[in-house]
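Reader: I have a chain to look over before the group meeting. Could we go through it together, one topic at a time?

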Amino acid sequence: MANLADEYGTDVEIYIKALTTTIHADTPTGASDQLHNLLEHLGLERHEYPADTPIYTWHTVPEHLDADEQKRLATRAIPVLFLAGYEVNCTPEVFDESAYRQAVQDLRTRAGRPAVRQQAPIGSASPAAPARRTP
């Protein structure tokens, strides 16, 4: 099995596997569980060979999605992977410019929101201390 991430020295290689319509995301041999888990969190499905002691791990875009949605899902993962510090390469056949721009905008919007502060539940706060006055 060819592993394009190993071949090109990247963290993730996104492409359409030859003679299929399946979008693959290859990771290098020995890639961290953190990277594999992030790809799964982004909607890609993990595959391992052999199943009992995996030597080779790769991800695919779910095949139940239509072709355009598959490309959008793969493309939307790219800015998140970049932000996490991974080197990613995506073939032009998969890359969807508008989906990429939207994903970047979504990340910027999320990053620009102020953190929501949690307030103490009503009735659980301790009574306020009386204010001190100086004569």
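Reader: Is L19 buried or exposed?

Author: L19 is exposed, with a relative accessible area of 91%. Please bear in mind that this is a predicted model.

Reader: Where is L19 found?

Author: L19 sits in the loop between β1 (12–16) and β2 (23–26). Its phi is near 65°, a positive value in a residue other than glycine.

Reader: On to the sheet. What is the order of its strands?

Author: The sheet is open and has five strands in the order β3-β4-β2-β1-β5, with mixed pairing. From one strand to the next, the twist averages 25°.

Reader: Which strands stand at the edges?

Author: Those are β3 and β5 (88–90). Each has a single partner strand, so one side of each is left without a neighbour in the sheet.

Reader: And in what sense do β2 and β4 pair, parallel or antiparallel?

Author: They pair in the antiparallel sense, over three bridges. H24 has T60 in β4 as its bridge partner.

Reader: Which strands does helix α3 lie across?

Author: Helix α3, residues 67–83, lies across β1, β2 and β5. It runs at about 155° to β5.

Reader: Which residues does Y86 touch?

Author: Leaving aside residues up to four places away in sequence, Y86 touches D11, S32, Q34, L35, L38 and L81. Y86 and V12 are 74 residues apart in sequence, yet their C-alpha atoms are 7.5 Å apart in space.

Reader: How many residues line it, and which lie nearest its centre?

Author: The largest pocket is lined by 14 residues, with G30, A31, H36, I55 and T57 nearest its centre. The elements giving two or more residues to the lining are α2 (33–41), β3 (45–49) and β4 (56–60). By class, the lining has five nonpolar, six polar and three charged residues.

Reader: Last one: which residues does the cis peptide bond join?

Author: The cis peptide bond joins Y49 and P50, with omega at about -20°. P50 is in the loop between β3 and β4.

Definitions and conventions: Residues are numbered from 1 along each chain as its sequence is written. This is a predicted model: local features need pLDDT of at least 70, side-chain atom pairs count only at pLDDT 80 or more; totals for chains, interfaces and linings use all residues. Side-chain values use heavy atoms; hydrogens and water are left out. On a 1 Å grid over the protein atoms alone, a cavity is a set of points where a 1.4 Å probe fits but cannot get out, and a pocket is an open set with protein on both sides within 12 Å along at least five of seven lines; lining residues have an atom within 4 Å of a point. Helices (H or I, at least four residues) and strands (E, at least two) are DSSP runs, numbered from the N terminus. Ala, Val, Leu, Ile, Met, Phe, Trp, Tyr, Cys and Pro count as nonpolar, Asp, Glu, Lys and Arg as charged, and the others, Gly among them, as polar. Buried means under 20% relative accessible area, exposed over 50%, partly exposed in between (1.4 Å probe, protein chains only). Two strands pair if DSSP finds at least two bridges between them. Axes are lines fitted to C-alpha atoms, for helices over the stretch in contact, and angles run from 0 to 180 degrees between N-to-C directions. Contact means heavy atoms within 4.5 Å.
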